[in-house]
Amino acid sequence: MKFFKQLLVAPAALGLLAPVAAGATEMNVAGVSDYAPVSQDAVAVDQVTSITQFSDVYPTDWAYQALSNLIERYGCVAGYPNGTYRGNRAMTRFEAAALLNACLDRVTEVTDELKRLMKEFEKELAIVKGRVDGLEARVGELEATQFSTTTKLKGKVDFVTGGVSYGGEDYDLGEGPEYRGQDAFTFNYRATLNLNTSFTGKDLLYTRLRAGNFNNNAFSGKGYTGNITQLSVAKSTGDALKVDKLWYQFPLGADFQVYLGAKIENYYMLGAPASVYREILKDFKLGGYYGVYGASTSPGAGIVWKPNSKNNPFDPKFTVALNYTAKNGAKGNPRKGGGIMTNTSGGKFVAQVGYGGPQWNINAGYAYVQDGMTVGYGTPLGSGTTVVGGDDQAVSRGFKDANAVALRAWWQPSESSWVPSISLGWDLTSFNGKDVNFPANNFKRDLREKQTSQAWTVGLNWRDAFMRGNLLGFAIGQPQFETEREEGTPDDGNYAMELYYQFQVTDNIAVTPAIFYVSRPFGELTGSAPRYGGDGAERFNTFGYLVKTTFRF
């Protein structure tokens, strides 16, 4: 116990004894009686309960805090009868001994009180100790059996029930076995497992595993109406669990982030979010899934410059991102479509510049796209995969390359209210076509064609709509449609819109009923062939309805 007392008062005593070596050469017995708190005069006149009682001690003094602690915690410091402390005066050994003795007496009083309290709450302390021991045992067991010391697992499962219906004028989907529509009610799922691994606390090795069974139905992007009616949640793997995303990112200095991925998409390597709207149709993803932001999972790399806010993190700032992906980057034969940075890589280079903060942002993107890479969703002509020639025949083909620009702007309120978040997007893509053979009247005609496509999107979200935790969403726009070509005048316009309401049933379960409408999924090609609404169709549209149930864990 004696050693314990010394530990408690040692810092204070050493601090007060420091000046002794400077000039304490004589004993001041009178000073001892003045200083010691056991002195009757000192107790009556000079004992202090607050450091403010000393007229010559100031907050700027180097020992101010130490002296204040001694007074408030132990009450063993006294001053001189005139209300001063005389902190710069040298201390004699007798004065130091008197101060140390007074503090030790106070510590003894505190220790005795502590012993009394420990005796009084002995049973309660024993219960607490037992619980702590139990927790330590459980922590040890978890550490011994945990999945990984560096990896966290998060999962999500989406159930989707719903279907589509078709409408229009003079459209023909065939009959019997030749029926081309996909308007049956379906029940599909997508399962996602996210593995987030960090080795330093600042880096991230991201692995995403996915499985789904949307296959070729109307929601899959591979159905009759193509990707213009694809749900953002749709995934088709034939029920097999596959590695869907895999990349590693790490900081480079204070302001740069580097990405290296075997399976990554360009939009994961951006400095500014393209949109804050939460979509149902993939058309509305990223403020428009076209041109710059349409993508395919591929090998790639990127770097992002995002300066850290040294003052206010909400201050607006510039961001710059550069990245490259190659759809055929995992293949080894460049003559058959393979390699990285080759003519047949199916590559895509993206650059983005943004300015804003957590509540708003304005950003612009540019992309150079090689043949074979995804350029986004839209009408058959608008996506650059089909051209019109010959006797107005539609022929599928790829494109030599494309240049795309995208403008995005979004704003969201700092608190939920009747005012929604607003996300705006506009895209323009210019395609350089290949030589295409158009069979017409038993001869072939070569055509090298350039074309331009555009798209725009407006997305609105109301947080806590009607009830806390719920979300209301509405979007409208024109998915990518052809606006200019070398021969003829395009008539490819179409509209898409969606409306949904997300019920947050629990923290981990949400139910989202939704509807969507696409006015002209085939654009100008409507009625030109059986696969485009049937020969001679005047109008053709698609209405979709669904309920999505999401489980998070």
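**Figure 1. Tyr495 within the chain as a whole.** At 40% relative accessibility, Tyr495 counts as partly exposed, where buried means under 20% relative accessible area, exposed over 50% and partly exposed in between (1.4 Å probe, protein chains only). The structure is a predicted model, in which local features need pLDDT of at least 70 and side-chain atom pairs count only at pLDDT 80 or more, while totals for chains, interfaces and linings use all residues. Residues are numbered from 1 along each chain as its sequence is written, and side-chain values use heavy atoms, with hydrogens and water left out. The protein chain contains seven helices and 18 strands, taken as DSSP runs numbered from the N terminus (helices: H or I, at least four residues; strands: E, at least two). Of its 553 residues, 45% are buried. Among contacts in the chain with a separation of 6 or more, 66% involve residues 24 or more positions apart; a contact means heavy atoms within 4.5 Å. Carbon and sulfur atoms hold 58% of an accessible surface of about 29,200 Å², computed by the Shrake-Rupley method with a 1.4 Å probe.

**Figure 2. Two edge-to-face aromatic pairs.** The whole structure contains 23 aromatic pairs, defined for rings of Phe, Tyr and Trp (its six-membered ring) with centres within 6.5 Å; planes under 30 degrees apart count as stacked, over 60 as edge-to-face and the rest as tilted. One of these pairs is edge-to-face and joins Tyr289 to Tyr377, with 5.0 Å between centres and 70° between planes. Tyr289 belongs to the loop between strand E5 (256-264) and strand E6 (298-305), and Tyr377 to the loop between strand E9 (360-370) and strand E10 (386-389), so that this pair links distant parts of the chain, 88 residues apart. Tyr289 is buried, at 1% relative accessible area, and Tyr377 is likewise buried, at 11%. Trp456 and Tyr495 form a further edge-to-face pair, 6.4 Å centre to centre with 75° between the planes. Because Trp456 lies in strand E14 (residues 443-463) and Tyr495 in the loop between strand E15 (471-485) and strand E16 (496-504), the pair ties together parts that are 39 residues apart in sequence. Trp456 is partly exposed, with a relative accessibility of 28%.

**Figure 3. An aromatic cluster, and a charge over a ring.** Tyr166, Tyr171, Tyr224, Phe522, Tyr532 and Phe540 make up one aromatic cluster. In a separate view, Arg86 sits over the face of Tyr80, at 4.0 Å from the ring centre; the criterion requires NZ of Lys or CZ of Arg within 6 Å of the ring centre and within 35 degrees of the ring normal.

Figure 4. E15 pairs with E16 in the antiparallel sense over seven bridges, strand pairing being assigned if DSSP finds at least two bridges between two strands. Ala475 has Glu498 of E16 as its bridge partner. E16 also pairs with strand E17 (residues 509-518), again in the antiparallel sense and over seven bridges. There, Gln504 is bridged to Ala510 of E17. Four residues separate E16 from E17 in the hairpin that they form.

**Figure 5. Non-glycine residues with positive phi.** Asn215 is not a glycine, yet its phi is positive, about 50°. Asn215 is placed in the loop between strand E3 (204-212) and strand E4 (242-252), and is partly exposed with a relative accessible area of 39%. Phe466, also not a glycine, has a positive phi of about 65°. Phe466 occupies the loop between E14 and E15, where its 75% relative accessibility counts as exposed.
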